[in-house]
Amino acid sequence: MSRFLSERFSELRAFVPGEQPRDRQYIKLNTNESPYPPAPQVTAAVNGDAISKLRLYGDPENRLLRESIGAFLGLPPSRIFAANGSDEVLSYIFMAFCDKDIGVSFPDISYGFYNVYADLYGLSKHEIPLNEDFSLEIADYFNLGTTIVLANPNAPTGLCISRADIESIVKANPNNIVAIDEAYIDFGGESALPLTEKYDNLLVVQTFSKSRSMAGARLGFAIGCEGLIADLERLRFSNNPFNINSLSSAAGIAAIEGQAYYDKNTAEIIQTRDYSTKKLQELGFILTKSETNFLFLRHPKLEGRELYSGLRERGILVRHFDKPRTRDYVRITVGTPPQMEQLISALQELVS
Ligand SMILES: *Cc1c(COP(=O)(O)O)cnc(C)c1O
């Protein structure tokens, strides 16, 4: 740290992304990327013509992309906010809807960025403990008087709450924003999307990074009522109107056209997830009921750190969160069937 960094950031602890090592070829099951390439439509769209357009600024309103996402969801573009990954969407939500003294609430075990954004924007934060089994106590979120951010399905636990439960939380906080981060929704659970028709305090956040195989493109979006989207647009235009590069925008529009291809991959990943779950249970692992493209598991005989390093030595990268409540666990992305077979043999070796 230099002596010039603003005082208000002196304690800021940055987000720690999953490692992207270059030292050797790993089976990479640590950042919940898709094991499958983007849709063929995407390869076709990011061509010479799209590249020649890099000379120009893109459309600051991201109109074509928002129209295309909107058409897919059956919504007008005025109800879609698009940004550079859902991380950026979340950043704008924290910036826009959490005043210092109102603050923000989220579960104690959830996506690490919520904590970081709360600190970045100097917000008071309320980390609400999940139950012992990582389930979420709905009533803990009634009448909080703060902005609420929930990942559903949750990460890294993989667990879901129902749409009815989300509705009761939204209803019980009519004067505060509830943001539902649906990064994994294509792999399980019920989207809160239909509720955005009815409630002006609900935002649903989705991404192209997981089920659509485009983590590197950086594309995410939010759905809400027109007023909320206009607020987010106002902040985006005050910060970075060209937040989505034109190649990613073209890739995003093409990805929407390739939805049938992605649905097939998603079904495959769900099948691989459920198969791997069974195999790992047979080895004595204890898994949460994941509705995502990752597994969250522990073994009575081994610590999370040992699982993590044992797998790393065997060329498989997974994620370990060294916090009191998650220390015993590792989070493992669901890869292709052959990758999962290698994982299962490696874990079998480790536990025997
Ligand atoms: C991966 C992930 C994100 C970030 O997605 P990007 O669109 O790549 O920024 C957001 N929330 C959760 C819960 C995630 O797991």
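Student: Let's start with F94: is this residue buried or exposed?

Tutor: F94 counts as buried, because its relative accessibility is 0%, and buried means under 20%. Keep in mind that this is a predicted model. Y114 is buried too, with a relative accessible area of 0%.

Student: How many aromatic pairs does a search of the whole structure find?

Tutor: The search returns 17 aromatic pairs. In F94 and Y114 we have a stacked one, with 6.4 Å centre to centre and 20° between the planes. F94 belongs to helix α4 and Y114 to helix α5 (residues 113–120), so the pair ties together parts that are 20 residues apart in sequence.

Student: And how do I read a ring pair in general?

Tutor: Two values describe a pair of aromatic rings: the distance of the centres and the angle of the planes. For F134 and F296, the centres are 5.8 Å apart and the planes stand at 55°, so this pair is tilted. F134 sits in the loop between β4 (125–128) and β5 (147–151), while F296 is in strand β10 (residues 294–298), so the pair ties together parts that are 162 residues apart in sequence. Both F134 and F296 are buried.

Student: Which residues do ring pairs link into a cluster?

Tutor: The cluster consists of F15, F94, F106, Y111, F113, Y114, Y117 and Y121.

Student: Where does the charged end of R212 sit?

Tutor: Over the ring of F208, 4.9 Å from its centre. Likewise, R331 places its charged end over the ring of F294, 5.7 Å from the centre.

Student: Which polar side-chain atoms lie by an oxygen atom of the ligand?

Tutor: One from S209, at 2.6 Å, and one from R218, at 2.7 Å. The protein covers 93% of the 390 Å² of accessible area that the ligand has on its own.

Methods. Residues are numbered from 1 along each chain as its sequence is written. This is a predicted model: local features need pLDDT of at least 70, side-chain atom pairs count only at pLDDT 80 or more; totals for chains, interfaces and linings use all residues. Side-chain values use heavy atoms; hydrogens and water are left out. A polar contact is a pair of N or O atoms within 3.5 Å; within protein, one must be able to donate a hydrogen and the other to accept it, and residues adjacent in sequence count only if both atoms are side-chain atoms. Accessible areas come from the Shrake-Rupley method with a 1.4 Å probe; for residues, only the protein chains shown count as cover. Rings of Phe, Tyr and Trp (its six-membered ring) pair if their centres lie within 6.5 Å; planes under 30 degrees apart count as stacked, over 60 as edge-to-face and the rest as tilted. Helices (H or I, at least four residues) and strands (E, at least two) are DSSP runs, numbered from the N terminus. Buried means under 20% relative accessible area, exposed over 50%, partly exposed in between (1.4 Å probe, protein chains only). A charge sits over a ring if NZ of Lys or CZ of Arg is within 6 Å of the ring centre and within 35 degrees of the ring normal.
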